[in-house]
Amino acid sequence: MIDFELNTQQRMLKEALHDMGKSVIRPQSLGWDRQKTIDLAFLRNFYMMSQALRGENNPMEDFNEGPKNRDPGKPVQTNRTAAMGAEELAWADASIMLSLPGPGLGGPPIRASGTPEQKERFFSIFRDMSDELRWGAYGLTEPGAGSDVAAIRTSCKRDGDAYILNGRKCYITMGGRASWVVIFATVDPALGRAGHRAFVVEKGTPGFFVGKIEEKMGLRANETAELVLEDCRVPAANLLGGEEKYQTKEGFMTAMKTFDNTRPLVAAMACGIGRAAYEYARDFVKDNYVLGRPIPRYSAIAERLARVGRNLEAARILTWKAVWMADHHLPNAKEASMSKALAGQAAIWACIEAIEICGAHGTLAEDHALLEKWFRDIKVYDIFEGTGQIQRIVISKRLLTDLRAF
Ligand SMILES: Cc1cc2nc3c(=O)[nH]c(=O)nc-3n(C[C@H](O)[C@H](O)[C@H](O)COP(=O)(O)OP(=O)(O)OC[C@H]3O[C@@H](n4cnc5c(N)ncnc54)[C@H](O)[C@@H]3O)c2cc1C
């Protein structure tokens, strides 16, 4: 039976994140947005504090590396904890959520396809970051290949004990700061997905450069970088999973497996931003509309709030279903796409409605009035990790496959 109840540890973590979000993060959110970065000292303190809160049984470590010394068939709670944390942190500030140190989007493909040695090598750098914060990243998108993942042109050619990579990756979250990036390349574009290979390319590898850091509409304090590979020699030991994994379409599947884990987390973040806007508008209505005002106006606004609240709740429940399935090791590609498609749209709509409900006040950009920032931040949630249109294609394919099964 599906169970969405949080355990005591999860409830305590949620409350602590909420309190920190409200009292420490929100007041600095617009400042970081303007300076287009999050103060590193703050990020370090916040990271250390959240590690301490999580205690010895660190769910994020499990989420990134996979459960250790556990029965692989036994349900876990890691995706649920991560989704709950993602919503709460994005409620406070989505840029800080995406800038947290750790493997980031690079974690799931290594967890899904890496050999035990690769997992140890690439994850061990995150175990103790008391000396220095470190990040991982995920490099799939190229100037000519966003939604159409199969069209990547970054090439890889075997040369002795290494591969030579050439190409360009764009819009890579934390790509400039990352200690390593999972880079997708092809041995031959004519082979389509079967030609794909995934490599872990380490910072400092000759021929691996950070290009432009993008100027963005929203999530401005979170880094989005272009990465360039010019005759970049990557050891064959960095090919994820080893050569035999790629006799089929495994390279492409590595990219897709990442999404089944991460799309519900993106959906959870969208719910967090949408909830922030909804709560702001709700409180504004409570504070500024008295029942003595003309009833039609009041009730029309209350009805709009009700619709926004209902849609966000539906998106959250679908998101939690997708993470519950992941925690129970059930295939969740359809639910992951459904949650992301619904949450992105519901949260965009929540931000638009909240601004309209607050009128001119909704357009202010002040530390205590962040609706315009949330409105800028939310749009990309219906673009990255697969656009809304692409999610609907994934969903319809799965629905039609299910139909054929009857
Ligand atoms: C802030 C940010 C962070 C990102 N982080 C990363 C990252 O860390 N790593 C990474 O690899 N990428 C990252 N991306 C890239 C992101 O995943 C892509 O932007 C996204 O997949 C869409 O690709 P595109 O921008 O090339 O748009 P396109 O694929 O060119 O799509 C343009 C439009 O066409 C529509 N479309 C495309 N194909 C179809 C179709 N078959 N049917 C119907 N409509 C279609 C799309 O829905 C969209 O509306 C990031 C992007 C942003 C903005």
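1. Which side chain does arginine 121 meet in a salt bridge? The partner is glutamate 202, with 3.1 Å from N to O. The model discussed in this note is a predicted one. Arginine 121 belongs to helix α7 (residues 116–123) and glutamate 202 to strand β5 (residues 196–202), so the pair links distant parts of the chain, 81 residues apart. Neither end is hidden from the surface: arginine 121 is partly exposed, at 36% relative accessible area, and glutamate 202 is also partly exposed, at 28%.

2. A second salt bridge joins the side chains of arginine 168 and glutamate 226, at 2.7 Å from N to O. Arginine 168 is in strand β3 (residues 162–173) and glutamate 226 is in strand β7 (residues 224–235), so this bridge ties together parts of the chain 58 residues apart in sequence. Arginine 168 is partly exposed, with a relative accessible area of 37%. Glutamate 226 has 17% relative accessibility and counts as buried because the limit for that class is under 20%.

3. The salt bridge between lysine 373 and aspartate 377 has an N to O distance of 2.6 Å. Both residues are in helix α11 and are four residues apart, so about one helical turn separates them. In an α-helix there are 3.6 residues a turn, so residues three or four places apart point the same way. Both lysine 373 and aspartate 377 are buried.

4. The salt bridges in the structure number 28. Side chains of opposite charge can pair when their charged atoms come close. Some of these residues are joined in a network of salt bridges, made up of Lys14, Glu87, Glu88, Arg275, Glu279, Glu313 and Arg316.

5. Helix α11 deserves a separate look. Seven of its eight residues are buried, so the helix is largely enclosed by the rest of the structure. The buried residues are Leu371, Glu372, Lys373, Trp374, Arg376, Asp377 and Ile378.

6. Aromatic pairs come to ten. In one of them, the ring centres of tyrosine 138 and phenylalanine 259 are 6.1 Å apart and the ring planes stand at 70 degrees, so the pair is edge-to-face. This pair links distant parts of the chain: tyrosine 138 is in strand β1 (residues 136–139) and phenylalanine 259 is in helix α8 (residues 250–288), 121 residues apart. Tyrosine 138 is buried, at 8% relative accessibility, and phenylalanine 259 is buried with a relative accessible area of 7%.

7. Tyrosine 280 and tryptophan 374 make another edge-to-face pair, because their planes are at 75 degrees, with ring centres 6.3 Å apart. Here the link runs from helix α8, which holds tyrosine 280, to helix α11 (residues 371–378), which holds tryptophan 374, and the two residues are 94 residues apart. Both tyrosine 280 and tryptophan 374 are buried.

8. Elsewhere, Trp32, Phe42 and Phe46 form one aromatic cluster. Charged groups also sit over aromatic rings. Arginine 26 lies over the face of tryptophan 91, 3.7 Å from the ring centre. Arginine 177 has its charged end over the ring of tryptophan 135, 5.4 Å from the centre of that ring.

9. At the surface, Ile2, Phe4 and Ile317 form a nonpolar patch, and their accessible area together is about 230 Å². Phenylalanine 4 is in the segment before α1 (8–35). Its relative accessible area is 30%, which makes phenylalanine 4 partly exposed.

10. Apart from neighbours within four places in sequence, threonine 387 is in contact with Ser147 and Asp382.

Technical notes. Residues numbered from 1 in each chain as written. Predicted model: local features only at pLDDT ≥ 70, side-chain atom pairs only at ≥ 80, totals over all residues. Heavy atoms only, no water. Patch = residues over 30% accessible without salt bridge, like charges linked within 9 Å, V, L, I, M, F, W, Y side chains within 5 Å. Areas by Shrake-Rupley, 256 points an atom, 1.4 Å probe, with all protein chains shown as cover. Salt bridge = Lys/Arg side-chain N within 4 Å of Asp/Glu carboxyl O. Buried < 20%, exposed > 50% of the residue type's maximum accessible area, 1.4 Å probe, protein only. Phe/Tyr/Trp six-rings, centres within 6.5 Å; stacked < 30°, edge-to-face > 60°. Lys NZ or Arg CZ within 6 Å of the ring centre and 35° of its normal. Contact = heavy atoms within 4.5 Å.
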